[in-house]
Amino acid sequence: MQHPSWFSRLTLCVVGVSLFFLLAAGCSLSSDHRDTVPRGDMVNLVYYTIGEPDPDLEMVNDQINEVLAKKIGITLTYVKIGWQEYENRLNTMVSAGTPFDIAYAPEFTTYVKRGAWLRLDDYLSSTGKDMYDVIDPIFWEGVRMDDGGIYGVPTNKELAVRQQWMYPEELVNKYNIDTAQYKTLESLEPLFRMIQQKEPDYLPMELDKDSHNFFALYGYEYVIDKELPLMLKSLDANSRVVDIFETLEARRVLDTLRRYYQAGYINEDAALRESQQLERGKKVFWKASSGGPLSEHSWSKDRGYPVVAQPVTTEVVTTEDVRGGVMAVSADTKYPVECIKFLNLLNTDPEVRNLFNYGIEGVHYSLDKNDQIVLIPRKDADGNPIPGALPGYTGVTYTQGNWFILKTRGGEDPEPLNKWEEFRASNARAVKSSTFGFTPDLSMMPIQLQNIKMVWQKYYPSLMTGSVDVDTELPKFNAELKQAGLDEVRAEVQKQLDAWRASSKR
């Protein structure tokens, strides 16, 4: 699932809303969570994260507090904010000074520059040393900022998030499709034609308004993210920053998508369709996503039928990858040591980590003979399990700490018992991007960034879904990007990149 970006939040801050609104909203959002301390005068931390609030969240929170109180003498107020709301709410809370202690930190770099997060270096050599030692050093390298400081705890997971294409296992087997042969956008055309003719119940290709990073197929990565369409080649140490929509590769992608849309392969509402999780039971032949090893297991569970996944990009570690699941401590917390104690436990204690991810044993899951997790679906009013329903609580795995101490999933399509060994092997193969750790500072160019985003919103969804004529719209897009100041921003990013490369070679 894709979420609003660093660039989106920066521009939102620029155009903003009035201070009065922020203050008023901040008061209503906080609900003064500190008024209710679960255990007398025991320190209670307020923790915000992304995800739809679960029916059993309070039950799980109570169980979490039983465990935390016993292990480290701390309790927690666990607040989940919906997928579409979280980043706006976090921005409002930070702007209004709403008190909280820990939060999932999307747009990590922007909030560091705003002074929102506590510098953790001193704590990581003392109270948090255990988690510092178990998390892969590359993650710490990736979250270290230009001032040398670390301001968040990264999720210890796969290092390289690869672009992958998923297909229904049933159709792959029925037509004996070798998915490894299809690694370019153009190569998919005969497959789509066949599916359209022989499997009319299936949508050949599913896209949404955020589209997909097809440019990664050519080795490109965004210098920040797609709302600022500046890219460079990941593995080219001398790559220049380019406006991707001025390249021959982009023209090839757009022409192919247009042809697919006109042929009826792409869903007609693609340019208007919001990004979302996989729709359960929907018959889709081709869908792109990003993930690590064995992602097809979770995608199959989300889809409701088995899918196979074919990686189409190399295992390259980017700065964006390692900053994609950070938990941060508020710079204004009154309890920094307690926050680090909690984060340390979450990343080193299997009981705590599995409780956050799966909920309560016997209520939300059971364990099979292989000690694997089997989810227990919610029940209806008569106490009968609801077919296909999720449990009354589910964690958002990538936002909440060390994966390597999680139990694996069992059930109808069990994960391999050696899942984490496969992840470690993938991490060992991963190669760092040539710009790993580089983050441009564009805080001096807020007007240009806002104008570029407005142009991007006007053209990107329709162009990247094939919904409009490329010959007509692409020249307009590029002309308006220039007028908005993209060339100035590109020059500034290139200047900073040159300086970063020079300093890195010393």
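How do the residues of the lining of the second largest pocket divide into nonpolar, polar and charged? I got seven nonpolar, five polar and three charged.

**Ground rules**

I am working with a predicted model, where local features need pLDDT of at least 70 and side-chain atom pairs count only at pLDDT 80 or more, while totals for chains, interfaces and linings use all residues. Residues are numbered from 1 along each chain as its sequence is written, and side-chain values use heavy atoms, with hydrogens and water left out.

**Pocket and cavities**

Back to that pocket. I noted about 230 Å³ of space in the second largest pocket. Of the 15 residues lining it, Gly97, Thr98, Pro99, Ser330 and Asp332 are the closest to its centre.

Next I looked up the cavities, and the structure holds three of 30 Å³ or more. The largest cavity has about 60 Å³ of space. I found Glu206, Asp208, Arg273, Glu274, Ser275, Gln276, Gln277, Leu278, Glu279, Lys287 and Arg303 lining it. That lining divides into one nonpolar, three polar and seven charged residues.

A note on terms: on a 1 Å grid over the protein atoms alone, a cavity is a set of points where a 1.4 Å probe fits but cannot get out, and a pocket is an open set with protein on both sides within 12 Å along at least five of seven lines; lining residues have an atom within 4 Å of a point. Grid points are joined across faces, edges and corners, and a volume is the space filled by probe spheres set on the points.

**Sheet S2-S1-S3-S12**

Here I follow four strands that form an open sheet with mixed pairing, in the order S2-S1-S3-S12. Strand S2 (75–81) and strand S12 (327–329) each have a single partner strand and stand at the edges, so one side of each is left without a neighbour in the sheet. On average, neighbouring strands of this sheet are turned by 20 degrees against each other, direction ignored. Strands (E, at least two residues) and helices (H or I, at least four) are DSSP runs, numbered from the N terminus, and two strands pair if DSSP finds at least two bridges between them.

I checked the partners. S1 and S2 run parallel and are joined by seven bridges, with Tyr47 opposite Tyr78 in S2. Strand S3 (residues 102–104) and S12 run antiparallel, joined by three bridges; Ile102 has Val329 in S12 as its bridge partner.

Is S2 enclosed or open? Seven of its seven residues are buried, so S2 is largely enclosed by the rest of the structure. Thr75, Thr77, Val79 and Ile81 point one way from S2, Leu76, Tyr78 and Lys80 the other way, and all are buried. Buried means under 20% relative accessible area, exposed over 50%, partly exposed in between (1.4 Å probe, protein chains only).

I also looked at Thr49, which is in strand S1 (residues 44–50). Thr49 is buried, at a relative accessible area of 1%. Leaving aside neighbours within four places in sequence, its contacts (heavy atoms within 4.5 Å) include Tyr78, Val79, Tyr104 and Gln400.

**Sheet S5-S9-S4-S10**

A second open sheet has four strands in the order S5-S9-S4-S10, again with mixed pairing. Its edges are strand S5 (203–205) and strand S10 (307–311), each with a single partner strand, so one side of each is left without a neighbour in the sheet. S5 and strand S9 (residues 284–291) pair in the parallel sense over two bridges, and Leu203 stands opposite Val284 in S9.

**His297**

His297 is in helix H12. Its relative accessible area is 11%, and His297 counts as buried. Not counting residues up to four places away in sequence, I found that His297 touches Asp413, Pro414, Glu415 and Pro416.

**Two positive phi values**

Asn176 is not a glycine, yet has a positive phi of about 50 degrees. I found Asn176 in the loop between helix H9 (169–174) and helix H10 (189–198), exposed at 69% relative accessibility. Ser211 also has a positive phi, near 55 degrees. Ser211 lies in the loop between S5 and strand S6 (220–222) and is buried at 7% relative accessibility.

Conventions:
Ala, Val, Leu, Ile, Met, Phe, Trp, Tyr, Cys and Pro count as nonpolar, Asp, Glu, Lys and Arg as charged, and the others, Gly among them, as polar. Axes are lines fitted to C-alpha atoms, for helices over the stretch in contact, and angles run from 0 to 180 degrees between N-to-C directions.
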